[in-house]
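Here's a quick briefing to read with the model open beside you. We'll take the disulfides, then move on to a sheet.

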Amino acid sequence: QVHVAESGGGSVQAGGSLRLSCAVSGYTGVNLCMAWFRQVPGKEREGVATINLQPGSAGFADSVKGRFSISRDNAKHTVYLQMSSLKPEDTALYSCEARTIIWLYTGDCMEQTYNYWGQGSQVAISS
């Protein structure tokens, strides 16, 4: 059973930076697509960034390209979302999610559906 747990949310002013972390466990011997989604009440859930553990290909929503980066440290079983040049519209509950995939995955993790997720981490950006 894959387990994910987010950390690192908080409040910053517009233009600032935050880093979210996602600790992943229970996935020995399998590859994963990992994704960060965000949700604002009353709005559609948005896929923000994705990465596969192998070979490490990443994808981003247009709304965050050039401002957010995603990385993984397979030795630490952790995925990071580095958020820079933050805007008030980035305010949301950010959720880290996972699903198992084949090794040497060449598809787009943005197109996957996810079946493991954490409790979420709140991010608030003030103007």
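Which cysteine does a disulfide join to cysteine 22? Its partner is cysteine 96, with the two sulfurs 2.0 Å apart. Keep in mind that this is a predicted model. Searching the whole structure turns up two disulfides, and there is also an open sheet of four strands to look at.

**The disulfide of cysteine 22 and cysteine 96**

- This link bridges distant parts of the chain, with cysteine 22 sitting in strand E3 (residues 18–25) and cysteine 96 in strand E9 (residues 92–101), 74 residues apart.
- The torsion about the S-S bond comes out at about -80°, so this disulfide is left-handed.
- Cysteine 22 has 0% relative accessibility and so counts as buried, the cut-off being under 20%.
- Cysteine 96, at 1% relative accessibility, counts as buried too.

**The disulfide of cysteine 33 and cysteine 109**

- Here the S to S distance between cysteine 33 and cysteine 109 is 1.9 Å.
- Cysteine 33 belongs to strand E4 (residues 31–39), while cysteine 109 is in the loop between E9 and strand E10 (116–117), so the pair ties together parts that are 76 residues apart in sequence.
- The link of cysteine 33 and cysteine 109 is left-handed, with -75° about the S-S bond.

**How the cysteines pair up**

- Number the bonded cysteines of the protein in sequence order and you get the pairing 1-3, 2-4.

**The four-stranded sheet**

- Reading across this open sheet, the strand order is E1-E3-E8-E7, and the pairing is antiparallel.
- Strand E1 (3–7) and strand E7 (68–73) are at the edges with a single partner strand each, so one side of each has no neighbour in the sheet.
- From one strand to the next, the twist averages 15°.
- As a reminder, strands of a sheet pair through backbone hydrogen bonds, either parallel or antiparallel.
- Strand E3 turns up in both stories: it is one of the strands of this sheet, and it carries cysteine 22.

**A closer look at E7 and E8**

- How many bridges join E7 to strand E8? There are six, and the two strands run antiparallel, with E8 covering residues 78–83.

Definitions and conventions. Residues are numbered from 1 along each chain as its sequence is written. This is a predicted model: local features need pLDDT of at least 70, side-chain atom pairs count only at pLDDT 80 or more; totals for chains, interfaces and linings use all residues. Side-chain values use heavy atoms; hydrogens and water are left out. Two strands pair if DSSP finds at least two bridges between them. Axes are lines fitted to C-alpha atoms, for helices over the stretch in contact, and angles run from 0 to 180 degrees between N-to-C directions. A disulfide is a pair of cysteine sulfur atoms within 2.5 Å. Buried means under 20% relative accessible area, exposed over 50%, partly exposed in between (1.4 Å probe, protein chains only).
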